[in-house]
Amino acid sequence: MRPGILDCGIIAAVQWQAKEFSDRTSIACKVTCVNDEIALDSDLAIAVFRVFQETLTNISKHANASHVQVKLVELEGLILLEVTDNGCGITDIDMEKQASFGIRGMRERCQQLKGNFHISGDSERGTKVTILIPMSNLEYQSGHLVGLENEFRGPQQPGPIKKKKKVSRL
Ligand SMILES: Nc1ncnc2c1ncn2[C@@H]1O[C@H](COP(=O)(O)OP(=O)(O)O)[C@@H](O)[C@H]1O
Ligand SMILES: [Mg+2]
C-alpha cells in the first residue's frame with residue numbers, strides 16, 4: 001500500500017514522519033536535505049519511506065537514543081538516506097538474530113531496486129543505517145556505490161587526539 005503522504009514528495013514525507021516520531025517518542029529527530037525537490041518513481045519512494053519507518057521503529061524499540069539525525073540527498077542519480085542515532089549501537093550478534101526480519105526485509109527491498117543497505121553500530125556512537133539506490137533502472141557497479149557512500153560520509157567525528165610523530169631531519 002502506498003502511504004498517502006508520498007503524494008507530497010519524499011522530502012515532505014520523511015519530514016512529516018520524523019516529526020510524528022519525535023512527537024510520539026520524545027526523541028529529537030532532525031532531517032537535513034540539500035535538494036529542494038527529489039522526484040522518485042513510486043516504487044522507489046515507497047521503499048525509501050518504508051525503510052525509514054522501520055529504522056525509526058528499531059530506534060524506538062532497541063536504541064535507547066535521545067537524538068536521531070537524518071540525511072536525505074539526491075546525488076548523481078542516486079538517492080541516499082542516512083539515519084544515525086546516538087543510542088547503544090547495534091552489534092554483529094544483533095544483526096544475525098534468526099527471528100528478526102526487519103533488517104533482512106530492508107536489505108531485500110534495497111537489493112530489489114539494485115541498491116545497497118548498510119547498518120553499523122558502535123557502543124559509543126550509536127547506530128547508522130545507510131541506503132543508496134539508483135534512481136533509474138541503470139545498474140551501477142557496486143564499487144561506484146561504495147565510492148559515493150564514502151565520498152558522502154564526509155569528515156569523521158573527531159577521535160582521540162593523536163600525538164604528532166616526530167620527524168627527524170638530517
Ligand atoms: N537502532 C538500533 N540500535 C540498537 N540496536 C538495534 C537497532 N536496530 C536494530 N537493533 C538490533 O538489531 C536486532 C534486529 O533488528 P530487526 O531485524 O529489525 O528485528 P526486530 O526489531 O524484530 O528485533 C534488534 O532486535 C536489535 O537488537
Ligand atoms: Mg525491527
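Predicted model: local features only at pLDDT ≥ 70, side-chain atom pairs only at ≥ 80, totals over all residues.
Local features need pLDDT of at least 70 and side-chain atom pairs count only at pLDDT 80 or more, whereas totals for chains, interfaces and linings use all residues. Residues are numbered from 1 along each chain as its sequence is written, and chains are lettered from A and ligands numbered from 1 in the order in which they are written.

**View 1. The fold holds 5 helices and 5 strands.** Helices (H or I, at least four residues) and strands (E, at least two) are DSSP runs, numbered from the N terminus. Along the sequence the pattern reads α-β-α-β-β-α-α-β-β-α. The protein has 170 residues, and 25% of them count as buried. Buried means 20 or more other C-beta atoms within 10 Å of the residue's own; exposed means 12 or fewer; partly exposed lies in between; C-beta atoms are placed from the backbone. Among contacts with a separation of 6 or more, 68% join residues 24 or more positions apart. Two residues are in contact if their C-beta atoms, placed from the backbone, lie within 7 Å.

**View 2. The open sheet has 5 strands in the order E1-E2-E3-E5-E4.** Its pairing is mixed. E1 (28-32) and E4 stand at the edges with a single partner strand each, so one side of each has no neighbour in the sheet. The twist averages 10° from one strand to the next. Two strands pair if DSSP finds at least two bridges between them. E1 and E2 (residues 67-75) run parallel, joined by 5 bridges. Val31 stands opposite Val70 in E2. H2 packs on the sheet, touching E2, E3 (78-85) and E5, and its direction makes about 10° with that of E3. H4 also packs on the sheet, touching E4 and E5, with its direction at about 145° to that of E4. Axes are lines fitted to C-alpha atoms, for helices over the stretch in contact, and angles run from 0 to 180 degrees between N-to-C directions.

**View 3. E4 and E5 form a hairpin.** Between the two strands lie 3 residues. E4 (residues 116-122) and E5 (residues 126-134) pair in the antiparallel sense over 7 bridges. Phe117 stands opposite Ile131 in E5.

**View 4. H4 has a buried side and an exposed face.** Met106, Arg109 and Cys110 are buried. Seen down the axis of H4, these residues fall within an arc of 95°, so they line one face of the helix. The arc is that of the directions from the helix axis to the C-beta atoms. The buried residues of H4 pack against H2, E4 and E5. Glu108, Gln111 and Gln112 are exposed, on the face turned away from the buried side. Just after H4, Lys114 takes a positive phi of about 65°.

**View 5. Ser136 sits in the loop between E5 and H5 (142-153).** Ser136 is exposed, with 11 other C-beta atoms within 10 Å. Its C-alpha atom is separated by 9.7 Å from that of Lys114, 22 residues apart along the chain.
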